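Please open the model in a viewer and keep the selection panel at hand.

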Amino acid sequence: MPYIKQFQNEKSSCLSYYVCCPGKAKCAVIDPSDNVGLYIDQAGRDFSDIVAIIDTHIHGDHISGARKLSEISGAPIYMGKSSGVGFQFTPVSDGDKIDLGNVDLEVMRTPGHTTESISILYTDRKRASVPWGIFSGDTLFVGDIGRLDFSGAGTSEQMHDTLFGKLLSLPDYVELYPAHYVGSVCGKGMSLKTYSTIGFERRFNPALQCISFEEFERYLLENPLEPFPAHLEFKRINSALQMEVPTAPPRKS
Ligand SMILES: [Fe+2]
């Protein structure tokens with residue numbers, strides 16, 4: 001039977017996911033950490049091939065294992081189509097599907113935390129033809145939402161549309177699998193609990209209690225986060241873009 005395995009990185013409070021359909025011997029990894037041996041070993045135990053690697057966005061708080069895992073497994077990296085990165089990836093947008101045998105992974109564009117952010121709907125077709133889970137990246141956490149002040153962030157309007165127009169349009173029973181839990185620099189007020197449901201967050205997540213956009217903006221202003229300047233270096237590494245090297249001034253003879 002298809003299943004989801006969550007991996008916790010206690011150092012960075014990151015969560016990554018291994019999704020497998022052992023019946024069809026296919027698996028995918030979402031937001032892999034640098035410790036890629038975890039996923040390779042798990043795929044080996046399932047006699048399955050890693051056929052897809054998904055980064056929900058260009059991470060700003062840890063080094064993504066996507067490229068390392070892609071090199072080892074040969075699987076493509078899927079990212080939001082507006083991702084500005086210096087390596088090869090398969091660009092995806094709303095409605096694109098990744099076939100994992102009896103599992104469908106469907107892309108939902110969720111700009112806000114970053115403009116290229118995507119979330120992934122999980123449908124286990126052995127059970128039903130509709131999704132029962134969503135991997136929400138840094139868009140929606142258990143008890144908080146993703147910060148909007150890192151380089152590459154979208155606007156508060158985008159985040160509001162994503163949360164209230166897209167994620168909260170899902171049924172209450174849909175399980176929520178975020179990319180972080182308490183202790184992460186990517187939000188504050190997150191829970192130690194590492195998964196939730198859309199219904200529970202709809203009712204109890206403080207950021208989702210704002211009915212109007214004005215209330216949402218006030219919530220953002222009243223709940224600032226500690227600056228995290230190191231995000232620029234993580235973004236540079238994870239996007240593999242050349243850093244501008246300042247030219248040394250000519251020496252005086
Ligand atoms: Fe992030």
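**Second largest pocket**

The lining of the second largest pocket comprises two nonpolar, five polar and three charged residues; here Ala, Val, Leu, Ile, Met, Phe, Trp, Tyr, Cys and Pro count as nonpolar, Asp, Glu, Lys and Arg as charged, and the others, Gly among them, as polar. The model is a predicted one, in which local features need pLDDT of at least 70 and side-chain atom pairs count only at pLDDT 80 or more, while totals for chains, interfaces and linings use all residues. Residues are numbered from 1 along each chain as its sequence is written, and side-chain values use heavy atoms, with hydrogens and water left out.

Select Asn9, Lys11, Ser12, Ser33, Asp34, Asn35, Asp61, His62, Ile63 and Phe234 to display this lining. The space in the second largest pocket is about 230 Å³. A pocket is an open set of points on a 1 Å grid over the protein atoms alone, with protein on both sides within 12 Å along at least five of seven lines, and lining residues have an atom within 4 Å of a point. A volume is the space filled by probe spheres set on the points, which are joined across faces, edges and corners.

**Largest pocket**

Next, select Leu148, Leu220, Asn223, Pro224 and Leu225, the closest to the centre of the largest pocket among its 18 lining residues. This pocket holds about 290 Å³ of space. Its lining has eight nonpolar, five polar and five charged residues, and α5 supplies the largest share, four residues.

**Helices α3 and α5**

Now show α3 (residues 156-166) and α5 (residues 213-222), whose axes come within 10 Å and cross at roughly 115 degrees. α3 is therefore roughly perpendicular to α5, a term for angles of 65 to 115 degrees. Select Ser156, Glu157, Met159, His160, Leu163 and Phe164 of α3 with Phe213, Phe216, Glu217 and Leu220 of α5 to see the contact, defined by heavy atoms within 4.5 Å. Six of these contact residues are nonpolar, two polar and two charged.

Select Asp55, His57, Ile58, His59, Ser64, Ala66, Arg67, Met79, Phe87 and Asn238, which line the largest cavity. About 70 Å³ of space lies inside this cavity, and its lining divides into four nonpolar, four polar and two charged residues.

Key:
Axes are lines fitted to C-alpha atoms, for helices over the stretch in contact, and angles run from 0 to 180 degrees between N-to-C directions. Helices (H or I, at least four residues) and strands (E, at least two) are DSSP runs, numbered from the N terminus. Angles under 35 degrees count as roughly parallel, over 145 as roughly antiparallel, 65 to 115 as roughly perpendicular and the rest as oblique. On a 1 Å grid over the protein atoms alone, a cavity is a set of points where a 1.4 Å probe fits but cannot get out, and a pocket is an open set with protein on both sides within 12 Å along at least five of seven lines; lining residues have an atom within 4 Å of a point.
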